[in-house]
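Please keep the sequence and the structure in view while reading.

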Amino acid sequence: MAKKIQQATPNTIYLKDYKAPEHLIKTVDMVFELDANKTRVTSTLQVKRNKGVDEATDFILNGQSLELLTVHLNEQPLTDADYKLSDEYLIISNPPESFTIQTEVTHSPEKNTALEGLYASSGMLCTQCEAEGFRRISYFPDRPDVMAEFTVTLIADKQKYPVLLSNGNLVDSGEKENGQHWVKWHDPSLKPCYLFALVAGQLVYKQGSFTTQSGRDVDLRVYVEKENSHKTDFALACLKQSMLWDEQTYGREYDLDIFMIVAVNDFNMGAMENKGLNIFNSSCVLASPETATDADFYNIQSIIGHEYFHNWSGNRVTCRDWFQLSLKEGFTVFRDQEFSADLNSRAVKRIDDVNVLRNHQFAQDSGPLAHPVRPDKYIEISNFYTVTVYNKGAEVVRMLHNLVGGEGFRKGTDLYFSRHDGQAVTTEDFVAAMEESNQRDLTQFQNWYNQSGTPVLTFADNYNVQQQSYTLNVKQSFGQLVEQANNKAFHIPVEVGLLSSDGSDMLLNIKDSSVFNVTSTVLEVTELEQSFVFTDVKEKPLPSLLRGFSAPVKIEYNYSNEQLAFLMARDSDEFNRWNAAQQLAINLMLLLIEDVKNNNPLAVDDFILNAFKAVLDDKSLDKALAAQLLTLPSESYLADQCDIVNVDAIHQVRKFLRQQIAVTLETELEACYHRNVTHDDYVFNAEAMAQRSLKNLCLSYLAELETEKHLQGCYQQFQTANNMTDQLAAVNILVNYECEYRQLALDTFYEQWQFDNQVVEKWLTIQASADVPDALGKVKRLMQHSAFSMSNPNKVRAVIGRFCAGNAVAFHAENGEGYIFLSDQVLALDKINPQIAARLLQIMIRWQRYDGKRQILMKQQFKRILKTKPLSKDVFEIASKAIAGSA
């Protein structure tokens, strides 16, 4: 065997260096002899030189952690002298123009703790190939612009692995000697290797069917371990909803004879859209009323939709290179957001999505990991599955929808899918389809893909009584990072309305435009400074800005608290009603934070108490919106409004305000709680979900009084709940108070659900985030519990991730013990699962926003990590970027 060449220090990959593949793959024929200890893979590729590039020389195949046994070129065995082998590549020098290459390798799935490639999980074998996991299965040009037709034969012990699944359609099967059996799958679609999948194990399935708009019957199956068979009905129903919605909304029909979903316990992500064989994290697909909350059902519906929608936006049309990741992910997130909005409360869905942006993506856009929606460089691509690529990417697609309208957007997607079916393309191709379909010049709009940072729109206005005109002036500015200083102006759709003194929407007419007698309109902000003049305005209006959050920007306008309370009560745009409530609370809380810093007594302004009382008293108000209006801004979002983050002051102020709301509005909160109590059987729909949400929010406020009456009432709900939403809400409240019911509820909950993996994860999570003394000590003890496993990503996220990201006061303890704890876990995980280690480390990425002492302590841990050898590319990239340029 050729001697392996050792890989050097991690290199940076640049978009500007992209070159088309020198060789293309026509067909792939793979034979797997499956075994957890050692799997043998024989892969035969039909290769041809790509005539679209300059003269090709070597044929380069990617490979990692593989034992190469043989290489054949056109059925002739190659010797060590005929190829080069390194830790990352197999290189065949000067092959002919067309040829067949066959490799035979072995690897050990049970030793693959990184959960990339082929690995073992709870007695089954499964795969995760996105982004670069296929190279851990077989030598192959592992890049998304190499697309091929796959035929896969799986051979395994029939008793251990009675179910053998792969992409496409089942074409043959049979028995072998020694208790083995085999199956053959063929996928007629061209696909990149990142969409390859296989599953082998002892599984049962829930079966259904769907008839497409053209009359084809598709076999639907959800595969799970036997003990979870009762948790599959909802997933199957969601899959049918997704298929119907995509046909009705986008005209997209499914193309294979079978669609399969498999639930896997050990999974780095939420789910994976492998062609015809979606593999899901168990927590994202298994659900029953007894074991899943409203949030679980809601997320499962969204994620199943997301992965199914990828069949077109990601699979049949995929990305040319990984810099284009948002081409498939941003577009598909937008699609799943609209799917969820159509099936549930549109306003609440929009609020949920914006909360993700404001709490996570805006922070990323202003920190060391800031990057454009289409990044221009990376070291490890797994680090770029980010809220910027996914969620901001979805907002970029939404802005296109806002600019060209629903009909124009559908015309654009129809052209995009028909033009690029079976191709690997770029974000420019997507925007070009929108331009061509709508006769629009979207050249400036491309800045959203190429520039990082969250634009800030500063509004000023003027009302001319004599002319009855209203002028809205806007300036756009950019982030504070060095690379954002030279940003060019963005093309920003800003939806606005104008409110009269009675709260009604004025009719809008804009000078020198086609806007005439509408109550809401989209202003296209394209310049650094711009003015819009509204005519026939009978009185000075109150502007309702960025309705529906029509662009991922920050808004600055000098609203008074009185004006915010008015918008909260009267705006016809439900999102802006919520936004006004949030801003009103932030204004008050920022003042209270200053009072804490200056040791001043704390007092609550009547504005917010009266506003909350009006919401609680309004029985006609949509309950979903009411729950959102009564929810205070999160501590993390409040921290982003501060120049220097004072975690203790933020936590103290938010808790103080919750307590004052409870004290002042106890009667109203109790009445609202009891109005929404029901003993009906659990149903998952928008109305019932809203009712439970409002009820449990009221219960959480009442618990802040810490009276026996309300804590006992909380425990009573825990005992009598007939669904997991209400039961978990109660224990999640009790866990934050040092009362007799706390441990009683935790022990009872665990005893009841200890054999249900997904519920145990919830039990771990609520304890890791509990606001109690010695929180870190409790987390360390929790890690010794038999329910915790360092090798399971869900358990790691539930305990370590939840504590570090969701328990700010304890994590940011002044002595730095939280930072040492996180670094210890990152270094331990880096040897097991670098992807998860790198994601955990990002919790500390904005270290420079804290006080000087905490900055020093966090920076010490980044340096400690960087000194550790060996260190994965994943963790190296995060740690090095964190302290790059700091003194």
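Predicted model: local features only at pLDDT ≥ 70, side-chain atom pairs only at ≥ 80, totals over all residues.

Residues are numbered from 1 along each chain as its sequence is written, and side-chain values use heavy atoms, with hydrogens and water left out.

**The nonpolar core**

The largest nonpolar core contains 295 residues, and those with the most contacts inside it are F32, L34, F196, F409, F430, F534 and F803. A nonpolar core here is a set of buried Ala, Val, Leu, Ile, Met, Phe, Trp, Tyr and Cys residues joined through side-chain atoms within 4.5 Å. The term buried stands for under 20% relative accessible area, exposed for over 50%, and partly exposed for values in between, with a 1.4 Å probe and protein chains only. Not counting residues up to four places away in sequence, F32 touches T39, R40, V41, I137, V152, T153, L154, I155, F196 and L198, where contact means heavy atoms within 4.5 Å.

Helices (H or I, at least four residues) and strands (E, at least two) are DSSP runs, numbered from the N terminus. Two packed helices are described by the angle between their axes and the distance between the axes. The axes are lines fitted to C-alpha atoms, for helices over the stretch in contact, and the angles run from 0 to 180 degrees between N-to-C directions.

How is α10 packed against α13, by angle and by distance between axes? Helix α10 (residues 606-617) and helix α13 (residues 647-664) pack at an angle of about 55°, and their axes are 11 Å apart. That angle makes α10 oblique to α13, given that angles under 35 degrees count as roughly parallel, over 145 as roughly antiparallel, 65 to 115 as roughly perpendicular and the rest as oblique. On the α10 side, I608, L609 and F612 meet L657, Q660, I661 and T664 of α13. Sorted by class, this contact of α10 with α13 has 5 nonpolar, 2 polar and no charged residues; Ala, Val, Leu, Ile, Met, Phe, Trp, Tyr, Cys and Pro count as nonpolar, Asp, Glu, Lys and Arg as charged, and the others, Gly among them, as polar.

Helix α8 (residues 561-570) also packs with α10, at an angle of about 5° and with the axes 11 Å apart, and the two helices are therefore roughly parallel to each other. Here N561, E562, A565 and M568 in α8 meet F607, A611, F612 and V615 in α10, a contact whose residues divide into 6 nonpolar, 1 polar and 1 charged.

**An enclosed helix**

Why can α17 be called largely enclosed by the rest of the structure? The reason is that 10 of its 11 residues are buried, among them M724, T725, D726 and L728. The cover over the buried residues of α17 includes α2 (294-309), α15 (686-703), α16 (708-720), α18 (740-753) and α19 (757-768). Within α17 (residues 724-734) lies Q727, which is buried with a relative accessible area of 6%. Leaving aside neighbours within four places in sequence, Q727 is in contact with F718, A721, F749, Q752 and W753.

**Residues in loops**

In the loop between β10 (98-107) and β11 (117-121) sits N112, a buried residue with a relative accessible area of 11%. N112 and I832 are 720 residues apart in sequence, and 8.5 Å apart in space, C-alpha to C-alpha. By contrast, Q213 and N599 are 386 residues apart in sequence and 67 Å apart in space, C-alpha to C-alpha. Q213, in the loop between β18 (204-211) and β19 (217-224), is partly exposed, with a relative accessible area of 49%.

Most residues other than glycine have a negative phi, and most peptide bonds are trans.

N74 lies in the loop between β6 (67-73) and β7 (76-77) and is partly exposed, with a relative accessible area of 37%. Q468 belongs to the loop between β26 (456-464) and β27 (469-477) and is partly exposed at 27%.
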